[in-house]
Structures are given as structure tokens and as C-alpha cells.
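Colleague: I am new to this one. Can you take me through its spaces and its surface?

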Amino acid sequence: MKKIGAVIKKHLLTGISYMIPLIVAAGLSIALAQIFGGIDVDENKGTIPYYLYQIGNWGMSLVVPLISAAIALSIADRPGLAPGLVIGLIANEIDSGFIGGLIGGFLVGYIVLAIKKYIKVPKSMSGLMPIMIIPVLTTVISGLLMLTVIGMPISALQDTLINFLKSMNGSSNFAMGSVLGAMASFDFGGPINKTMSLFSDGLLVDGIYGPEAVKIIGSMVPPFGIGLSCLLARNKYTKTEKEALKAAVPMGIFMITEGVIPIAARDLVRVVVSCSFGSAIAGGMSLTLGVGSTIPHGGLLITPLVTHPLYFLLCLGVGTAITGVTLAIWKPIVTEDENVDDEEDGTATDELDNIDFKVGQ
């Protein structure tokens, strides 16, 4: 069992090593756009900040396909790459987000291995296996599984959550704010976050501004909270995680939560629970204190424009402190072996590229 866990972790870390540069490049493009173009940068068409914003958004849309393809590549080598990209795109389309991409990557990788093992073709057709037979069969099988088996429960979950939130409207502000806050940070920009965002945007149209503030606070708590926990307990983070935080925390200023995905993927339960707990308390406080926002995006940039800006900062600070302290206490100390393994996974791609280049010569 321990061996299986080590193999899964290896493939997961390979996917993360591919994903980090994309998240940093896309996230900072959005941040730069908002710095130079303001919080309404997406409305200023034809300007350089607008183009930066578009570049960043398009880049973020590739995160799930990339990690899906990278995991499939790690498991099954090059025949898994193309189907992995397709399944990652499907995961985006059916709103299964980051978790769907992870599942899709493993699904593709092991389907490729099964096809290699059990499907035999004449020797004259063996050249077609890696370029046609394996990619086509894998894409069809895993695509159908994603659309029928994985997509349906996720869609049902979203419908349940939306109906639950609507039924809570008008009940305890703290309870509702806590649920919304936890959802805002639960999957770091994934389908649950998007569901909460859609609900908040719908209320904004009706002149209800509290949930928008909760969304903004909940989206910033994970990068700030994890960054704080690293400051409090540096020996509980690997060198790679510390480097990732150098980009994730600044991205958090602009309400870009995806920068913490590489860190969350290594310790999913502790990070998700800690971030959701901190965001839940912050969200409950925010709605109770009457904090509101007429602007759906912008992170800390919109602080002067929200209702009760000091309360807004107070709630963000409380959520950050709760997340940071919880993680600092709960996370295990990183061993030297984990640091070494982390560095090796980060350089594996470069080594593979060098080998391929020499063979090609």
C-alpha cells in the first residue's frame, strides 16, 4: 500500500512541476494587468493591460489540461500526452476543475498502460500503436467515463449546493457567510468556488452586496494563510513550496487563488480543511458585520471601495491568522528525503528533455 502511495505521489509531483510555471506566468499577467489597468481592466479593450488580462485568463484556462496531460505523461510516457490534454479540457468544460484534472490524468495514464498490455496488433501495425490506436482508444474511453461517471456527480453536487444556498437566504448571516466563505476557498478556483461566485454575482444584480465581499475575502485567505503558516513554521515546507509561495502570495493580493494549488496538492486534506476553516470564520464575520462590495473582482485593490473597509481588512486578517496558525500546528515537519525528492521531481522534466535531444541528434 505504501508503494502504491509513493507511485501516485511521484506522478502527482511531476504534474505539479509542469504546472507551476504556467500558474506563475498566467497569474502574474493578470496581476500586472490590474496594477496598470485597474480593477475594470477587462472593460478597457484595446489597451496593453487588457491584453495582459486576456493572456492571463487564457493561461489559467490551461492549468487543468496541463496537469492532466503531465500526469498522464508521467504514467504512460508520450502516448498519454494527447489524451491527457483532451481529458483535462473536458474536466474544464464539465466544471470538475482541478480535482477532475487530477483524476483525468491518472485515468488516462492507466488506460494507456492497460491498452499496451492487453491489446496486441500484428507486427506490421505496431508503428500505429503510439500515434493512432492508443491515443484514439484512450481519448474515447476516458472521455466517455469523464462525461458520464465523473461529470454527473459533480453537476449534481453543484445543483445541491445552489439549492442549499438559496434555502439559507434570509437565515443566520454568520451561518450563510461561513458556508460561502468555505466554498470560496475550498477548491482554489474550481467548480465549488465558481458555484459560490455565480451565486454571489446573481445576488449582486439584485442589490445584495454582502456575498461578494465574502467571495473576495475567501479567495484571498488561502494564499495569505499558507504564506503566514510558512513564516511560522518554515521547517514544515519544502524548498519548492517556499519558492511557489513567493509567487502565490503576491497573486493572492489580486484574488488569484490558483497559486496555492501546487502546495495544496502535496497535502490536500490539511491545506483544504485549514483554508476552508479560516475562510468560513472570515466569511461569517464579514456578512455579520455588514461588509459589502459592489465590485465582483479586484482583491485588495478594491478595499477603499467596499462597505466598511476596516471590517473588510479585519475579516481578512482573522481568516488569514486562523488558517496560518492551524496549518503551522497541523502540518508535519518536512524530512530531508522529502526535500531531495521534491528537487528531483522538479528537475525530472529538464533531464528528460536533455535525453530526448541527444537521441534526436
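Modeller: This is a predicted model. The lining of the largest pocket divides into 12 nonpolar, 13 polar and five charged residues.

Colleague: How much space lies in the largest pocket?

Modeller: About 790 Å³. Of the 30 residues that line this pocket, the closest to its centre are Asn-57, Met-60, Gly-189, Lys-194 and Glu-258. Elements that give two or more residues to the lining include H1, helix H2 (48–60) and helix H8 (191–205).

Colleague: Which element gives the most to that lining?

Modeller: H8, with four residues.

Colleague: How many cavities of 30 Å³ or more does a search of the whole structure find?

Modeller: One. About 50 Å³ of space lies in the largest cavity.

Colleague: What makes that space a cavity and not a pocket?

Modeller: A 1.4 Å probe fits in a cavity but cannot get out, whereas a pocket is open. Ile-20, Ile-23, Val-24, Ala-244, Ala-247, Met-251, Gly-259 and Pro-262 line the largest cavity. Helix H1 (2–37) and helix H10 (239–253) each give two or more residues to that lining.

Colleague: How do the residues of the cavity lining divide?

Modeller: Seven are nonpolar, one is polar and none is charged.

Colleague: Which residues form a nonpolar patch on the surface?

Modeller: Met-125, Leu-128, Ile-131, Met-132, Val-136, Val-140 and Leu-144, with about 620 Å² of accessible area together. Leu-128 lies in the loop between helix H5 (97–118) and helix H6 (129–168).

Colleague: Why is Leu-128 called partly exposed?

Modeller: Its relative accessibility is 31%. Buried means under 20% and exposed over 50%, so Leu-128 falls in between and counts as partly exposed.

How values were computed
Residues are numbered from 1 along each chain as its sequence is written. This is a predicted model: local features need pLDDT of at least 70, side-chain atom pairs count only at pLDDT 80 or more; totals for chains, interfaces and linings use all residues. Side-chain values use heavy atoms; hydrogens and water are left out. Patches are made of residues with over 30% relative accessible area and no salt bridge: like charges are joined within 9 Å, nonpolar side chains (Val, Leu, Ile, Met, Phe, Trp, Tyr) within 5 Å. Accessible areas come from the Shrake-Rupley method with a 1.4 Å probe; for residues, only the protein chains shown count as cover. A salt bridge is a side-chain nitrogen of Lys or Arg within 4 Å of a carboxyl oxygen of Asp or Glu. Buried means under 20% relative accessible area, exposed over 50%, partly exposed in between (1.4 Å probe, protein chains only). On a 1 Å grid over the protein atoms alone, a cavity is a set of points where a 1.4 Å probe fits but cannot get out, and a pocket is an open set with protein on both sides within 12 Å along at least five of seven lines; lining residues have an atom within 4 Å of a point. Grid points are joined across faces, edges and corners, and a volume is the space filled by probe spheres set on the points. Ala, Val, Leu, Ile, Met, Phe, Trp, Tyr, Cys and Pro count as nonpolar, Asp, Glu, Lys and Arg as charged, and the others, Gly among them, as polar.
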